[in-house]
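Open the model in a viewer and keep the selection tool at hand. The stops below say what to select and what is found there.

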Amino acid sequence: MTVFPGFTLPDELRAIREQVRRFIQEEIIPLEQRLDPDAPEIPREDFVRLSGKTKEAGLWALGIPEEYGGGGLDTFSMCVILEEMSQHRMGLYVPGCGVFGRNPPPAIWAGSKEQIQKYAVPAVREGHETFWAITEPSGGADPAGAIQTRAEKRGDRWVLNGRKVFISRAHDAPWGVVFARTDKSKGRGGISCFIVEQGTPGFTAKPFKVIRTSAVPTDVVFEDCSIPAENLVGQEGQGLELAFDLLVKQRFPYSACNLGVAVAAHRMAIAYAKERSTFGAKLAERQAIQWMLADAEVEIRAARWLIWEGAWKADRGEDARVEASIAKLYSSEVLGRVIDAAVQIHGGYGVSKEFPLERWYREARVRRIGEGPSEVHRMVIARSLFRR
Ligand SMILES: Cc1cc2nc3c(=O)[nH]c(=O)nc-3n(C[C@H](O)[C@H](O)[C@H](O)COP(=O)(O)OP(=O)(O)OC[C@H]3O[C@@H](n4cnc5c(N)ncnc54)[C@H](O)[C@@H]3O)c2cc1C
């Protein structure tokens with residue numbers, strides 16, 4: 001019988017977690033302190049230098065299967081590691097500033113051997129960005145109903161026409177996956193997944209500004225964008241299945257980053273409350289502050305448990321769609337509450353750019369909208385209750 005490993009993490013995993021923690025403290029945090037507080041990424045030369053170090057230390061691409069050049073860790077282990085990797089200023093959207101490698105969109109692993117070798121393997125090796133394009137101007141919460149971008153077969157090519165919005169990094173990532181309608185008459189079963197390369201004629205992506213500076217979203221247009229037939233990923237009509245698979249698989253690591261930033265903000269709030277005095281006593285002695293910190297502690301522990309349980313189920317091949325919604329919903333909302341309390345405890349310094357709290361406060365707001373708004377996750381959870 002497999003025992004839920006939450007109580008005793010394997011020694012090897014604890015050792016990796018410790019290595020990552022030290023790397024973040026010794027290399028990433030001091031580097032970020034030298035950059036603009038809103039810097040979207042680290043300079044290229046630092047990326048090359050630090051990724052050289054993580055590769056040497058065996059910390060590169062930990063969540064990618066070993067056969068494709070990664071560390072082969074499962075989702076549960078990656079959640080444990082990402083909680084550490086995200087504990088720095090850019091950590092919510094660029095855990096470890098990308099120097100531990102980046103994951104291509106999970107849908108690519110459903111592709112052919114040739115697609116994996118041509119696209120996924122170099123992305124893993126170089127740690128470059130990729131994009132995934134589902135959301136359209138007609139809506140992102142309900143992609144099954146909203147996708148209108150069309151892909152039409154013409155000879156040995158697919159021709160894409162339509163528009164996507166809020167597509168992170170599509171202006172500079174070398175390639176990404178795009179979900180488009182191949183058969184209008186088939187509803188959910190009429191959507192397919194394609195690989196689109198940067199620079200393909202008829203593909204344009206214009207960045208626009210939002211509340212966060214990392215992972216900039218873009219407005220994408222396909223205008224008679226012709227791609228080879230072999231760029232179809234999986235089967236024709238399988239797109240939505242791959243999209244939901246992609247979203248479910250991403251949700252546990254995504255939630256672990258929420259948790260990591262919440263942990264970091266909470267730790268800062270505790271330290272500040274122990275140091276700062278007002279009206280002749282430390283903030284830590286005030287019940288109003290103690291209760292904020294106590295509530296944050298409870299919510300952080302609960303979020304960790306929900307993420308770990310769901311990731312563990314997913315690794316065992318169990319249906320973890322509801323657990324993914326629970327983890328995503330709860331961790332995003334806890335993140336917002338914990339940062340809000342930490343900002344309040346820091347007073348004016350909470351909103352100054354001297355501390356990362358201000359950036360986290362803004363960036364955390366997107367977490368209740370992206371990857372499915374909170375209301376949609378509540379809907380998924382509620383539906384599961386009525387199905388029982
Ligand atoms: C910064 C940023 C980056 C993003 N990056 C990407 C990306 O890389 N790729 C990509 O494909 N998408 C991306 N998105 C899009 C994101 O996934 C969508 O914004 C999200 O799914 C919501 O879609 P929408 O904005 O169209 O809102 P809508 O679908 O119009 O929903 C609006 C609001 O209505 C409410 N709502 C919706 N459905 C229900 C319901 N059933 N019950 C109750 N209330 C409901 C929710 O409050 C929701 O916020 C990104 C978004 C942002 C903000």
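Where does Cys97 lie? Select Cys97: the residue is in the loop between helix 3 (75–85) and helix 4. Helices here are DSSP runs of H or I with at least four residues, strands are runs of E with at least two, and both are numbered from the N terminus. This is a predicted model, in which local features need pLDDT of at least 70 and side-chain atom pairs count only at pLDDT 80 or more, while totals for chains, interfaces and linings use all residues. Residues are numbered from 1 along each chain as its sequence is written, and side-chain values use heavy atoms, with hydrogens and water left out.

**Positive phi**

Stay on Cys97 and display the backbone. Most residues other than glycine have a negative phi. Phi of Cys97 is near 55°, a positive value in a residue other than glycine. Cys97 has 3% relative accessibility and so counts as buried; buried means under 20% relative accessible area, exposed over 50%, and partly exposed in between, with a 1.4 Å probe and protein chains only. Next select Arg169, in the loop between strand 3 and strand 4. Arg169 also has a positive phi, near 65°.

**Cysteines**

Select the cysteine sulfurs. How many disulfides are there? The count is 0, where a disulfide is a pair of cysteine sulfur atoms within 2.5 Å. For Cys79, the nearest cysteine sulfur belongs to Cys257 and is 8.7 Å away. Cys79 itself is buried, at a relative accessible area of 1%.

**Aromatic rings**

Now show the side chains of Phe, Tyr and Trp. A pair of aromatic rings is described by the distance of the centres and the angle of the planes. Rings of Phe, Tyr and Trp (its six-membered ring) pair if their centres lie within 6.5 Å; planes under 30 degrees apart are stacked, over 60 edge-to-face, and the rest tilted. The model has 10 aromatic pairs by this rule. One of them is Tyr119 with Trp175, an edge-to-face pair at 5.5 Å centre to centre and 65° between the planes. Tyr119 belongs to helix 4 (residues 113–126) and Trp175 to strand 4 (residues 175–181), so this pair ties together parts 56 residues apart in sequence. Tyr119 and Trp175 are both buried.

Move to Phe166 and Phe208. Their ring centres are 5.4 Å apart and their planes are at 65°, so this pair is edge-to-face. Phe166 is in strand 3 (residues 157–168), and Phe208 is in the loop between strand 6 (203–207) and strand 7 (217–228), so the contact ties together parts that are 42 residues apart in sequence. Phe208 counts as partly exposed, at 28% relative accessibility. Then select Phe76, Trp305 and Trp308, which form one aromatic cluster.

**Charges over rings**

Select Lys55 with Trp60. The charged end of Lys55 sits over the ring of Trp60, 4.3 Å from its centre; the rule asks for NZ of Lys or CZ of Arg within 6 Å of the ring centre and within 35 degrees of the ring normal. At Tyr254, the charged end of Arg367 sits over the ring, 3.7 Å from its centre.

**The cavity**

Which residues line the largest cavity? Select His266, Ala269, Met292, Leu293, Ala296, Val338, Ala341, Ala342 and Ile345. On a 1 Å grid over the protein atoms alone, a cavity is a set of points where a 1.4 Å probe fits but cannot get out, and lining residues have an atom within 4 Å of a point. The count is 1 cavity of 30 Å³ or more. The largest cavity has a volume of about 40 Å³, taken as the space filled by probe spheres set on grid points joined across faces, edges and corners.

Colour helix 6 (239–275), helix 7 (287–315) and helix 8 (321–346): each supplies at least two residues of this lining. Helix 8 gives the largest share, 4 residues. By class the lining has 8 nonpolar, 1 polar and no charged residues; Ala, Val, Leu, Ile, Met, Phe, Trp, Tyr, Cys and Pro count as nonpolar, Asp, Glu, Lys and Arg as charged, and the others, Gly among them, as polar.

**Last stop**

Select Leu240, in helix 6. Leu240 is buried, at 5% relative accessibility.

Notes. 1 Å grid on protein atoms, 1.4 Å probe; cavity = no way out; pocket = protein on both sides within 12 Å on 5 of 7 lines; lining within 4 Å.
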